[in-house]
Amino acid sequence: EKFTLTNKERSRIKVFEPFEDVSKPSPSIDAIMISTDVFTREVVNQLRKKGSRFEVFGQGGFFNDPQEKLFLGNSGTGLRLLIGLLSTRNVNVNFTGDESLSSRPMMRIVEPLERMNVLIKHNNGCLPIKLESNNDSSIPIKYSLEIGSAQVKSAILLASLNLNGTTILKEKIPSRDHTEILLKYLGANIKKKENVITLKSP
(Lines give C-alpha, C1' and ligand atoms only; values in the text may rest on other atoms or scores of the structure.)
Protein backbone atom coordinates (compact mmCIF):
# COMPACT_ATOMS: atom_id res chain seq x y z
CA GLU A 1 0.00 0.00 0.00
CA LYS A 2 2.86 2.40 0.78
CA PHE A 3 4.22 2.12 -2.77
CA THR A 4 0.89 2.87 -4.45
CA LEU A 5 0.47 6.15 -2.54
CA THR A 6 2.98 7.88 -4.84
CA ASN A 7 1.00 7.00 -7.96
CA LYS A 8 -1.90 8.92 -9.47
CA GLU A 9 -3.65 5.80 -10.65
CA ARG A 10 -5.93 3.28 -8.99
CA SER A 11 -4.27 0.17 -7.53
CA ARG A 12 -6.04 -3.06 -6.61
CA ILE A 13 -4.62 -5.12 -3.74
CA LYS A 14 -5.49 -8.64 -2.64
CA VAL A 15 -4.59 -10.02 0.79
CA PHE A 16 -3.12 -13.52 0.55
CA GLU A 17 -2.00 -14.13 4.12
CA PRO A 18 -3.44 -11.81 6.77
CA PHE A 19 -1.50 -10.95 9.92
CA GLU A 20 -1.44 -8.20 12.54
CA ASP A 21 1.76 -6.52 11.43
CA VAL A 22 0.51 -5.63 7.95
CA SER A 23 -2.56 -3.82 9.25
CA LYS A 24 -0.73 -1.33 11.47
CA PRO A 25 0.38 1.15 8.78
CA SER A 26 -3.15 1.63 7.41
CA PRO A 27 -4.49 4.03 10.06
CA SER A 28 -1.19 5.93 9.84
CA ILE A 29 -1.53 6.23 6.08
CA ASP A 30 -5.09 7.45 6.52
CA ALA A 31 -3.79 10.26 8.74
CA ILE A 32 -1.37 11.68 6.15
CA MET A 33 -3.43 11.43 2.97
CA ILE A 34 -4.78 14.61 1.39
CA SER A 35 -8.11 12.93 0.81
CA THR A 36 -9.12 10.95 3.87
CA ASP A 37 -11.68 8.89 1.95
CA VAL A 38 -8.82 7.39 -0.07
CA PHE A 39 -7.91 5.02 2.73
CA THR A 40 -10.64 4.26 5.26
CA ARG A 41 -10.46 2.50 8.61
CA GLU A 42 -12.36 -0.43 7.10
CA VAL A 43 -9.14 -1.42 5.34
CA VAL A 44 -7.67 -2.45 8.70
CA ASN A 45 -10.31 -5.14 9.10
CA GLN A 46 -10.00 -6.19 5.45
CA LEU A 47 -6.28 -6.75 5.92
CA ARG A 48 -7.09 -9.43 8.48
CA LYS A 49 -9.25 -11.40 6.03
CA LYS A 50 -7.57 -13.76 3.61
CA GLY A 51 -8.71 -13.19 0.05
CA SER A 52 -10.10 -9.71 0.73
CA ARG A 53 -9.59 -7.05 -1.92
CA PHE A 54 -9.47 -3.27 -1.77
CA GLU A 55 -8.43 -0.33 -3.91
CA VAL A 56 -6.02 2.53 -3.28
CA PHE A 57 -6.28 5.82 -5.15
CA GLY A 58 -2.86 7.44 -4.91
CA GLN A 59 -2.36 11.20 -4.60
CA GLY A 60 0.88 11.45 -6.54
CA GLY A 61 3.04 11.53 -3.43
CA PHE A 62 1.46 14.57 -1.74
CA PHE A 63 0.80 14.27 1.98
CA ASN A 64 -0.57 16.31 4.85
CA ASP A 65 1.00 16.89 8.24
CA PRO A 66 -0.92 14.46 10.49
CA GLN A 67 -2.75 15.97 13.43
CA GLU A 68 -1.68 13.11 15.69
CA LYS A 69 1.38 10.95 16.17
CA LEU A 70 1.57 7.96 13.86
CA PHE A 71 1.44 4.79 15.97
CA LEU A 72 2.92 1.76 14.19
CA GLY A 73 2.37 -0.82 16.92
CA ASN A 74 5.03 -3.51 16.47
CA SER A 75 5.39 -3.06 12.71
CA GLY A 76 9.10 -2.55 12.12
CA THR A 77 8.76 -2.87 8.36
CA GLY A 78 5.87 -0.41 8.25
CA LEU A 79 7.82 2.06 10.38
CA ARG A 80 11.03 1.99 8.37
CA LEU A 81 9.26 2.16 5.01
CA LEU A 82 6.95 4.99 6.05
CA ILE A 83 9.88 6.98 7.45
CA GLY A 84 11.69 6.53 4.14
CA LEU A 85 8.64 7.41 2.06
CA LEU A 86 7.78 10.57 4.04
CA SER A 87 11.31 11.76 4.76
CA THR A 88 11.59 13.77 1.53
CA ARG A 89 7.94 14.89 1.26
CA ASN A 90 8.17 18.11 3.29
CA VAL A 91 5.89 16.94 6.06
CA ASN A 92 6.19 17.12 9.83
CA VAL A 93 5.51 13.70 11.30
CA ASN A 94 5.99 12.05 14.70
CA PHE A 95 6.33 8.25 14.78
CA THR A 96 5.69 6.08 17.82
CA GLY A 97 5.23 2.37 18.49
CA ASP A 98 4.64 -0.17 21.21
CA GLU A 99 7.24 -1.04 23.84
CA SER A 100 8.88 -3.67 21.66
CA LEU A 101 9.20 -1.46 18.58
CA SER A 102 10.37 1.48 20.69
CA SER A 103 13.36 -0.55 21.88
CA ARG A 104 14.53 -1.51 18.39
CA PRO A 105 17.43 0.45 16.85
CA MET A 106 16.66 2.72 13.89
CA MET A 107 20.08 4.26 13.22
CA ARG A 108 20.51 2.05 10.16
CA ILE A 109 17.89 4.15 8.39
CA VAL A 110 18.56 7.42 10.23
CA GLU A 111 22.21 7.61 9.11
CA PRO A 112 21.64 7.39 5.31
CA LEU A 113 18.60 9.67 5.50
CA GLU A 114 20.66 12.29 7.30
CA ARG A 115 23.18 12.07 4.46
CA MET A 116 20.27 12.95 2.17
CA ASN A 117 19.74 16.16 4.22
CA VAL A 118 16.60 14.78 5.82
CA LEU A 119 15.70 16.57 9.06
CA ILE A 120 15.12 13.71 11.47
CA LYS A 121 15.12 13.66 15.28
CA HIS A 122 15.29 10.50 17.36
CA ASN A 123 15.71 9.15 20.87
CA ASN A 124 19.27 7.83 20.80
CA GLY A 125 18.52 5.97 17.61
CA CYS A 126 15.13 4.71 18.77
CA LEU A 127 11.51 5.87 18.81
CA PRO A 128 10.00 8.37 19.06
CA ILE A 129 11.22 9.69 15.71
CA LYS A 130 10.25 13.02 14.19
CA LEU A 131 10.55 14.13 10.57
CA GLU A 132 10.60 17.86 9.84
CA SER A 133 10.04 19.68 6.58
CA ASN A 134 13.31 20.83 4.97
CA ASN A 135 11.88 22.84 2.05
CA ASP A 136 12.97 20.41 -0.67
CA SER A 137 16.65 20.45 0.29
CA SER A 138 17.08 16.65 0.26
CA ILE A 139 19.60 15.20 -2.18
CA PRO A 140 20.28 11.78 -3.75
CA ILE A 141 23.25 9.84 -2.42
CA LYS A 142 25.71 7.13 -3.28
CA TYR A 143 25.62 4.70 -0.39
CA SER A 144 27.19 1.37 0.53
CA LEU A 145 24.97 -1.06 2.45
CA GLU A 146 27.37 -2.94 4.71
CA ILE A 147 24.63 -5.09 6.25
CA GLY A 148 22.09 -7.01 4.19
CA SER A 149 18.78 -5.34 5.04
CA ALA A 150 15.83 -5.08 2.68
CA GLN A 151 14.14 -2.63 5.06
CA VAL A 152 17.04 -0.18 5.06
CA LYS A 153 17.45 -0.48 1.31
CA SER A 154 13.72 0.07 0.79
CA ALA A 155 13.66 3.13 3.06
CA ILE A 156 16.43 4.77 1.02
CA LEU A 157 14.78 3.89 -2.30
CA LEU A 158 11.40 5.24 -1.19
CA ALA A 159 13.06 8.46 -0.01
CA SER A 160 14.83 8.75 -3.38
CA LEU A 161 11.61 8.66 -5.40
CA ASN A 162 10.94 12.33 -4.64
CA LEU A 163 14.44 13.63 -5.45
CA ASN A 164 15.91 15.01 -8.64
CA GLY A 165 18.93 12.97 -9.60
CA THR A 166 20.36 9.49 -9.25
CA THR A 167 20.62 7.43 -6.09
CA ILE A 168 23.17 4.62 -6.16
CA LEU A 169 23.17 1.78 -3.64
CA LYS A 170 25.88 -0.84 -3.39
CA GLU A 171 24.98 -4.01 -1.51
CA LYS A 172 27.82 -5.77 0.21
CA ILE A 173 25.44 -8.56 1.20
CA PRO A 174 22.40 -9.13 -1.07
CA SER A 175 18.98 -8.79 0.54
CA ARG A 176 15.43 -9.40 -0.64
CA ASP A 177 14.61 -7.50 -3.84
CA HIS A 178 10.82 -7.19 -3.47
CA THR A 179 11.03 -3.39 -3.42
CA GLU A 180 13.08 -3.15 -6.59
CA ILE A 181 10.72 -5.49 -8.41
CA LEU A 182 7.63 -3.59 -7.29
CA LEU A 183 9.07 -0.15 -8.04
CA LYS A 184 10.02 -1.25 -11.54
CA TYR A 185 6.53 -2.70 -12.03
CA LEU A 186 5.04 0.64 -10.97
CA GLY A 187 7.15 2.52 -13.51
CA ALA A 188 10.20 3.69 -11.55
CA ASN A 189 13.47 4.11 -13.43
CA ILE A 190 15.37 1.55 -11.39
CA LYS A 191 18.10 -0.81 -12.55
CA LYS A 192 20.29 -3.41 -10.91
CA LYS A 193 23.64 -4.65 -12.21
CA GLU A 194 25.37 -7.21 -10.05
CA ASN A 195 25.31 -5.67 -6.55
CA VAL A 196 24.66 -2.04 -7.58
CA ILE A 197 21.16 -0.53 -7.65
CA THR A 198 20.54 2.71 -9.52
CA LEU A 199 17.36 4.78 -9.16
CA LYS A 200 16.84 7.85 -11.33
CA SER A 201 14.07 10.26 -10.41
CA PRO A 202 11.80 11.80 -11.46
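**Salt bridges and nonpolar core**

Lys 130 is partly exposed, with a relative accessible area of 30%. In this classification, buried denotes a relative accessible area under 20%, exposed denotes over 50%, and partly exposed lies in between, as computed with a 1.4 Å probe on protein chains only. The structure is a predicted model, in which local features need pLDDT of at least 70 and side-chain atom pairs count only at pLDDT 80 or more, whereas totals for chains, interfaces and linings use all residues. Residues are numbered from 1 along each chain as its sequence is written, and side-chain values use heavy atoms, with hydrogens and water left out.

The side chain of Lys 130 forms a salt bridge with that of Glu 132, at 3.6 Å from N to O. A salt bridge is defined here as a side-chain nitrogen of Lys or Arg within 4 Å of a carboxyl oxygen of Asp or Glu. In total, 7 salt bridges are present in the structure. Glu 132 is also paired with Lys 121, with an N to O distance of 3.2 Å. Because Glu 132 belongs to strand β6 (residues 126-132) and Lys 121 to strand β5 (residues 119-123), this pair ties together parts that are 11 residues apart in sequence. Helices (H or I, at least four residues) and strands (E, at least two) are DSSP runs, numbered from the N terminus.

A further salt bridge joins Glu 180 and Lys 153, at 2.8 Å from N to O. This pair links distant parts of the chain, 27 residues apart: Glu 180 is located in helix α8 (residues 178-185) and Lys 153 in helix α7 (residues 150-160). Both residues, Glu 180 and Lys 153, are buried. Through shared partners, salt bridges connect Lys 153, Glu 171, Glu 180 and Lys 192 into one network.

The largest nonpolar core comprises 38 residues, and Leu 79, Ile 83, Leu 86, Phe 95, Met 116 and Ile 120 have the most contacts inside it. At least two residues of this core are supplied by each of α4 (76-86), β4 (93-96), α6 (107-115), β6, β7 (142-145), α7 and β10 (196-201). Such a core is a set of buried Ala, Val, Leu, Ile, Met, Phe, Trp, Tyr and Cys residues joined through side-chain atoms within 4.5 Å.

Ile 83 lies in helix α4 and is buried, with a relative accessible area of 0%. Leaving aside neighbours within four places in sequence, Ile 83 is in contact (heavy atoms within 4.5 Å) with Phe 95, Ile 109, Leu 113, Ile 120, Ile 129 and Leu 131. With the corresponding neighbours left aside, the contacts of Phe 95 include Leu 70, Leu 72, Ile 83, Leu 127 and Pro 128.
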